[in-house]
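Please keep the sequence and the 3D view at hand while reading.

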Amino acid sequence: MGLTLVQIFDVDEKNQVLTTTVWLDQEWKDEYLQWDPKDYNMLKVFRIPCEYLWVPDIVLYNNADDYTNGYFQSKAMVTFTGEVFWPPPTKFRSTCEIDVTYFPFDEQVCIMKFGPWSYDGFQVDITNRSSNVDLSNYVENGEWELSAVMVKRNVKYYTCCPEPFPDVTFTIVIRRRILYYMYNVIFPCMMMSWLTLLVFCLPPDSGEKIALGITVLLAFSVFVLAIAEKMPETSNSVPLIGIYLTVVMGMTSVSVVMTVLVLNFHHRGPNRKPVPSWLRTAILEQLAVLVCFKPSYQPRYTHHNDLCGFKTNSTKLTLEHFMDDCRIDDDMHETQPNTAEYNAMTDSKQRNSNNTRNCGKNSSTYSQRNKVQEQILKSLQILINRQEQEDQLIDVVNEWRQVAQVIDRFLFWIFLVATLSFSIGLLVIMPLTKEPWEAKT
């Protein structure tokens with residue numbers, strides 16, 4: 001027998017069924033159908049309905065459909081030598097073990113095993129007509145590319161009978177065309193995996209970092225559900241694209257957790273908690289150099305744990321000098337009237353008494369001025385302390401924000417390297433290192 005492959009109609013990955021359209025070429029010799037052409041007006045060949053002939057019960061062993069349909073009842077061609085040729089066209093649905101490990105870069109090896117069901121090898125000896133399969137009428141499939149077709153005759157012994165049972169097995173090797181999946185599955189998955197990196201590029205003040213991460217995570221979930229519908233319900237293997245999606249979904253989930261950590265650092269400054277020294281050393285001094293981060297804001301004050309009772313030495317010295325200068329000026333003003341009074345005593349007692357009264361008035365005026373100056377200085381001291389506290393609070397807020405920026409950039413590079421590694425490893429290297437189909441046959 002032989003096989004003319006017309007078309008690979010369908011490959012059902014979920015039910016693991018291969019549907020093909022073939023011409024099943026069967027040829028045998030019937031001694032009861034021999035005649036002499038001279039006796040029948042030189043008739044050498046004629047066609048006869050197969051219902052009037054003996055036909056071998058050749059069946060497809062790995063048939064996935066019922067056996068009630070049978071073959072198309074075409075006519076058989078009979079020659080005067082008794083040779084009968086019967087090529088019924090039919091559509092077979094055969095079982096095929098689908099390996100989706102490298103989906104969509106997979107190759108499938110399916111077999112079609114033909115042999116007599118009721119007759120053993122001593123009664124019907126089935127052999128292949130040729131070493132190749134006829135592909136002259138083959139029609140290309142849009143999803144699967146035919147890589148190779150092989151035929152082999154086998155002889156097996158079953159437990160039911162001691163006689164041998166020969167069969168002819170056709171091996172069909174098909175490879176999936178990846179153009180459709182590249183544009184509809186691979187590229188969207190890769191683009192969404194790169195969207196995960198944008199979570200670390202988005203400023204924390206925008207308020208959309210977590211929303212972007214969750215949106216990408218939901219998009220991956222939809223893709224996983226869409227691809228799962230095309231996969232066979234088996235636990236023997238996991239699709240390569242499914243592993244890639246699971247890894248990227250895991251990375252997206254981790255990115256959401258890391259974003260929460262970054263936002264926690266970013267908004268911790270208003271709580272008046274300064275950055276610990278060990279965290280400042282590890283993040284702002286060591287990790288910032290590693291990720292090439294240059295802080296855009298430099299603190300104006302030295303870091304202390306108590307922000308409310310903090311005063312700079314320069315401010316204290318400035319106010320003390322200012323108060324001393326005011327006291328010196330007051331002393332000078334007080335000294336001048338005393339000197340004038342001393343000089344006037346030598347001239348006249350009357351002028352001495354008048355100067356004494358004027359000095360008392362000036363002394364009270366000067367004491368009032370000192371009180372006003374002290375109140376002004378105290379108010380100025382309060383304003384300066386408040387401004388220093390606000391400046392220190394701004395320093396603390398900006399330092400926490402710098403810590404968040406350094407962690408954000410560090411996570412960006414970590415996720416960039418991880419995304420590149422998983423994308424190249426799972427979508428490029430793994431398909432190239434898969435086992436060739438020759439090793440499966």
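## An exposed residue in a loop

N41 is exposed, because its relative accessible area is 74%, and the term exposed is used for values over 50%, buried for values under 20%, and partly exposed for what lies in between (with a 1.4 Å probe, and with protein chains only). This residue lies in the loop between β2 (17–34) and β3 (45–49), where helices (H or I, at least four residues) and strands (E, at least two) are DSSP runs that are numbered from the N terminus. The phi angle of N41 is near 55°, which is a positive value in a residue other than glycine. M42 is found in the loop between β2 and β3 as well, and it has a positive phi of about 60° although it is not a glycine. Most residues other than glycine have a negative phi, and most peptide bonds are trans.

## The model and its overall make-up

The structure is a predicted model, in which local features need a pLDDT of at least 70 and side-chain atom pairs count only at pLDDT 80 or more, while totals for chains, interfaces and linings use all residues. Residues are numbered from 1 along each chain as its sequence is written, and side-chain values use heavy atoms, with hydrogens and water left out.

The protein contains 6 helices and 10 strands, and of its 441 residues, 38% are buried. The accessible surface comes to about 25900 Å², of which 58% belongs to carbon and sulfur atoms; such areas come from the Shrake-Rupley method with a 1.4 Å probe, and for residues only the protein chains shown count as cover. Among the contacts (heavy atoms within 4.5 Å) with a separation of 6 or more, 77% are between residues 24 or more positions apart.

## Strands and their pairing

An open sheet is formed by 4 strands in the order β4-β8-β10-β9, and the pairing is antiparallel; two strands pair if DSSP finds at least two bridges between them. β4 (58–60) and β9 (144–157) stand at the edges with a single partner strand each, so one side of each has no neighbour in the sheet. On average, neighbouring strands of this sheet are turned by 20° against each other, with direction ignored. Within the sheet, β8 (residues 107–116) and β10 (residues 164–176) pair in the antiparallel sense over 8 bridges, and I111 stands opposite T171 in β10.

Another antiparallel pairing, over 9 bridges, joins strand β1 (residues 2–12) to β2. D12 has V17 in β2 as its bridge partner. These two strands, β1 and β2, form a hairpin with 4 residues between them, and in the turn Q16 has a positive phi of about 55°.

## Nonpolar cores

Which residues have the most contacts inside the largest nonpolar core? They are F114, F170 and I241, in a core of 57 residues, where a nonpolar core is a set of buried Ala, Val, Leu, Ile, Met, Phe, Trp, Tyr and Cys residues joined through side-chain atoms within 4.5 Å. Helix α3 (residues 240–266) gives the most to this core, with 6 residues. When its neighbours within four places in sequence are left aside, I241 is in contact with F103, P104, V185, I186, C189, I227 and L427. In soluble globular proteins, nonpolar side chains tend to be buried together.

## A cis bond and a disulfide

The peptide bond from F103 to P104 is cis, with omega near 5°, and P104 is placed in the loop between β7 (89–95) and β8.

How many disulfides does a search of the whole structure find? The search finds 1 disulfide, a term that stands for a pair of cysteine sulfur atoms within 2.5 Å. This disulfide joins C96 to C110, with 1.9 Å from S to S, and the link is left-handed, with -75° about the S-S bond. The pair links distant parts of the chain, 14 residues apart, with C96 in the loop between β7 and β8 and C110 in strand β8. C96 counts as buried because its relative accessibility is 5%, and C110 counts as buried at 1%.

Methods. Axes are lines fitted to C-alpha atoms, for helices over the stretch in contact, and angles run from 0 to 180 degrees between N-to-C directions.
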